[in-house]
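Thanks for coming, everyone. Please have a look at the chain on the screen, and then we will walk through it together.

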Amino acid sequence: MRGIETPVVKLRRKVFVEVARVAYESENVNDDIEAIPYKITPNEIPQYRESIYRERAIASERVRLAMGMSLRPQDKPVHITSGLDASNISDKYYEPPLMQVIPSACDKCEDNVYEVTNQCRGCMERACATVCPKGAISVDKDGRSVIDREKCIKCGKCKSACPYNAIAHKIRPCANACGVKAISSDALGRASIDPEKCVGCGQCMVSCPFGAIADKSQIFQLIRAMKKGDEVVAEVAPAIIGQFGANVSLWKIKAALKDLGFREVFEVAQGADVGAATEAHHYATEVATGKIPFLLTSCCPAWSMLAKKQFPEMVERVSSALTPMVATARSIKQKMPNARVVFIGPCAAKKLEASRRTVRSDVDFVITFEELAAMFEARGIDFATYEKEEPIHDATGAGRGYAVAGGVASAVEQCIREYYPEVEVKIEHAEGLTECRKMLTLAKAGKKNGCLIEGMGCPGGCVAGAGTNIPVEKGAAAVEKFTCDSSKKLPEKDLYEIQLP
């Protein structure tokens, strides 16, 4: 759960910190990686599981994922470092699937089950039994209601009718958070993610109370590339403001990134400026003129993947504008041909976007704010005492506003009103994949013609991404201030012409 230092959050951080330390400091990588589960669980008394052996087994799988490797086969035990040679390279991309359920960590939560709790008073009215259309509710010897699961059709009428709220609806948290219905149960009742449906948003991961779902990381490969002497350059998403402390400026973050080993730092918001100008141009020349019925923004990879997977006939309606990540990366590589570009942001789905064949030459690594925080800790950088700063002025307020829900649409609308004042603009936006699906369904039915439609896979926008460190509300407030304080508000009108090859 983001913004709260739960044991799950702390455990994930410990894993990333130890992997980062090995990458930075170790001369005997295999042995030091094998030792990480013992550093994470140093005592012989388990904290969260029934045995220390299970805790360390789970920790071992977390380490593998944090190293960018897949989970070990369940039918044959191998070392944590098995396959490390193939992963210990600086151009390692994510092997699908990105999101994985750690089998030994999953608690086999019941999914979509109604159950009478001890709140039942055994009342005379028994409205729950009266409204049940299948006669699934009876009364036990103590006068309390009991639900027969064989008869229950899970309509929820009993729950609605109970005056004491004594009937619970058990929903698997990860499945409930998945807006594309990619999570089901395996033969043993554990959560299972369908990679054909999954769009990599990571909302399942941050919703699992057992920390049983994790994504793969590139921090090990990234650090090894810097240690090797590669010209590694960071591009930071605008949602980074506030993620490392309320008073930690972008200038301070840039200086700290250079202390980690990055050669240079750029704002992804400069790519967002290109996107805003481009989509404003597309809307004015294509949607407003009736050439196409509507236009879908392109910056959120989870939203784009949802459209392409579940609404393939609408693929051509996704804007051809480069995503801010890619536009910025291409700009960097034009200036610095030998650069290895690292996108640092709030989004797990960006890891999949960077793995696409058409993007691989532009973006070499993707890490989240959560992973970056572990790198800072591994190198002893504490923003409570860190004083260094380096100026950075790459973007406008419009591009920086992309980080919040509605920010993309607002930036494009501002550009249209400024540069194409004769064009009437209609804006729609949806946040959360469930709402995005509804929006796309309406657009498919012709109910959103003439609109620019922004979709954000995470409720709240990028500041609600799976790789963030602070509550969504604090992140949104920090970005709003960052946007308002920007010295330049809008990109140039002709910026859309910089759609780089």
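**A walk through the model**

Let's start with D194, which lies in the loop between β7 (191-193) and α8 (203-207). Helices here are DSSP runs of H or I with at least four residues, strands are runs of E with at least two, and both are numbered from the N terminus. This is a predicted model, where local features need pLDDT of at least 70 and side-chain atom pairs count only at pLDDT 80 or more, while totals for chains, interfaces and linings use all residues. Residues are numbered from 1 along each chain as its sequence is written, and side-chain values use heavy atoms, with hydrogens and water left out.

Buried means under 20%, exposed means over 50%, and partly exposed is in between, with a 1.4 Å probe and protein chains only. Now look across to T396. D194 and T396 are 202 residues apart in sequence, and their C-alpha atoms are 39 Å apart in space.

Next, the core. A nonpolar core is a set of buried Ala, Val, Leu, Ile, Met, Phe, Trp, Tyr and Cys residues, joined through side-chain atoms within 4.5 Å. In soluble globular proteins, nonpolar side chains tend to be buried together. Which residues touch the most other members of the largest core? They are F244, L257, F262, I344 and M375, out of 79 residues. Helix α1 (residues 7-25) gives the largest share of this core, with eight residues. Another core lies apart from it, with 73 residues, among them C174, C201, C299 and M439.

Zoom in on L257. Contact means heavy atoms within 4.5 Å. Leaving aside neighbours within four places in sequence, L257 is in contact with A234, V236, F262, V265, I344, L372 and F376. L257 is also one of the buried residues of α10, a list that includes L250, I253 and L260. In α10, eight of the eleven residues are buried, so the helix is mostly covered. Just after α10 comes G261, with a positive phi of about 125°.

Now the aromatic rings. Rings of Phe, Tyr and Trp (its six-membered ring) pair if their centres lie within 6.5 Å; planes under 30 degrees apart count as stacked, over 60 as edge-to-face, and the rest as tilted. How many pairs are there by this rule? The count is four. Take F244 and F383: their ring centres are 5.8 Å apart and their planes meet at 45°, so this pair is tilted. The two residues are 139 apart in the chain, and the pair links distant parts of it. F244 sits in the loop between β9 (232-236) and α10 (250-260), while F383 sits in the loop between α15 (369-378) and α16 (397-400). F383 also pairs with Y386, edge-to-face, at 5.7 Å between centres and 70° between planes. F383 and Y386 are both buried, and F244 is buried too. Ring pairs link F244, F376, F383 and Y386 into a cluster.

On to a sheet. Two strands pair if DSSP finds at least two bridges between them. Three strands make an open sheet in the order β11-β15-β14, with parallel pairing. β11 (295-296) and β14 (426-431) are at the edges with a single partner strand each, so one side of each has no neighbour in the sheet. Two bridges join β11 to β15 (residues 451-456), and L295 stands opposite L452 in β15. Helix α17 (residues 407-419) packs on the sheet and touches β14 and β15, and its direction makes about 150° with that of β15. That angle is between N-to-C directions on a scale from 0 to 180 degrees, using lines fitted to C-alpha atoms, for helices over the stretch in contact.

T297 is in the loop between β11 and α12 (301-310). It is buried, at 0% relative accessible area. Beyond its neighbours within four places, the contacts of T297 include E279, W303, V408 and L452.

Last, the cysteines. C178 is buried at 11% relative accessible area, and C347 is buried at 16%.
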